[in-house]
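User: I am new to reading protein models. Please walk me through this one, feature by feature.

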Amino acid sequence: MSKATSATSSPQPERVNAPLNPHRDFISVSDAKLLAERKLAPSTTKSLLKVPAVMRHGDFVWNEQGIAKGHVYIWVDLRRQMISAFRNGHEIGTAVIIYGAEDRSSPEGRFPILNKQRHYHSRTYDAPMPASLFITNDGVALHGSEMSSRRASHGCIGLPVAFAEQLFDAAKVGDIVEITRSQKDPRESSRSKG
């Protein structure tokens, strides 16, 4: 499975002098700062998972091998339709997401996980929401969902079910979820005019 990139992919961060690891690329402090400025990843990013190809809805990568236990920081990029889970600055999971439709958009900002429910079923929408991580008091959650490029949610962040289960097991109440919209690479605009 692979990480999604647009047809005009962003420049790859430079590799830093770190141990060779077949599963991740280590990020320099200066590149982490650039990623954060464009809202592509947290400024504390130390490494990203290697993903060999473009991901589609339902695809995900999860690998926490060699990463110490600790708090999980979840980064959701609505523009790229991607989620990344970080522990101690290292990406341990990434997936393609679905998010709120225009009339029921997903909230943006920093949210602590308020509540976790493994087998939640929405009474409002009569829909299963497995492995739910609730981030608002009015029911917005990250949860397992059927995945398709044609699907949207009522404000929640929909995840591949198996990824949602991994995230549910890794994250704790109080861990932070940041939902943002990354900035387009300036080169994307000039290419589209082209």
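**Rings, a helix and a sheet**

Analyst: Trp 62 counts as buried, because its relative accessibility is 15%. Buried means under 20% relative accessible area, exposed over 50%, and partly exposed in between (1.4 Å probe, protein chains only). This is a predicted model: local features need pLDDT of at least 70, side-chain atom pairs count only at pLDDT 80 or more, and totals for chains, interfaces and linings use all residues. Residues are numbered from 1 along each chain as its sequence is written, and side-chain values use heavy atoms, leaving out hydrogens and water.

User: How many aromatic pairs does the structure hold?

Analyst: Rings of Phe, Tyr and Trp (its six-membered ring) pair if their centres lie within 6.5 Å; planes under 30 degrees apart count as stacked, over 60 as edge-to-face and the rest as tilted. Here there are two aromatic pairs. Phe 60 and Phe 163 have ring centres 5.7 Å apart and planes at 65 degrees, so they are edge-to-face. Phe 60 is in strand β3 and Phe 163 in helix α2, 103 residues apart. Helices (H or I, at least four residues) and strands (E, at least two) are DSSP runs, numbered from the N terminus.

User: And what are the distance and angle for the rings of Trp 62 and Phe 163?

Analyst: Their centres are 5.4 Å apart and their planes stand at 75 degrees, so this pair is edge-to-face. Ring pairs link Phe 60, Trp 62 and Phe 163 into a cluster. Phe 163 is buried, at a relative accessible area of 0%.

User: Which residues of helix α2 are buried?

Analyst: In α2 (residues 161-170), they are Phe 163, Ala 164, Leu 167, Phe 168 and Ala 170. They lie on the same side of α2, because they cover an arc of only 165 degrees around the axis. The arc is that of the directions from the helix axis to the C-beta atoms.

User: Now the sheet. What is the order of its four strands?

Analyst: Two strands pair if DSSP finds at least two bridges between them. This open sheet has the order β8-β9-β10-β11, with mixed pairing. β8 (115-122) and β11 (157-159) are at the edges with a single partner strand each, so one side of each has no neighbour in the sheet. Strands β9 (residues 127-134) and β10 (residues 141-144) run antiparallel, joined by two bridges. Leu 133 has Leu 142 in β10 as its bridge partner.
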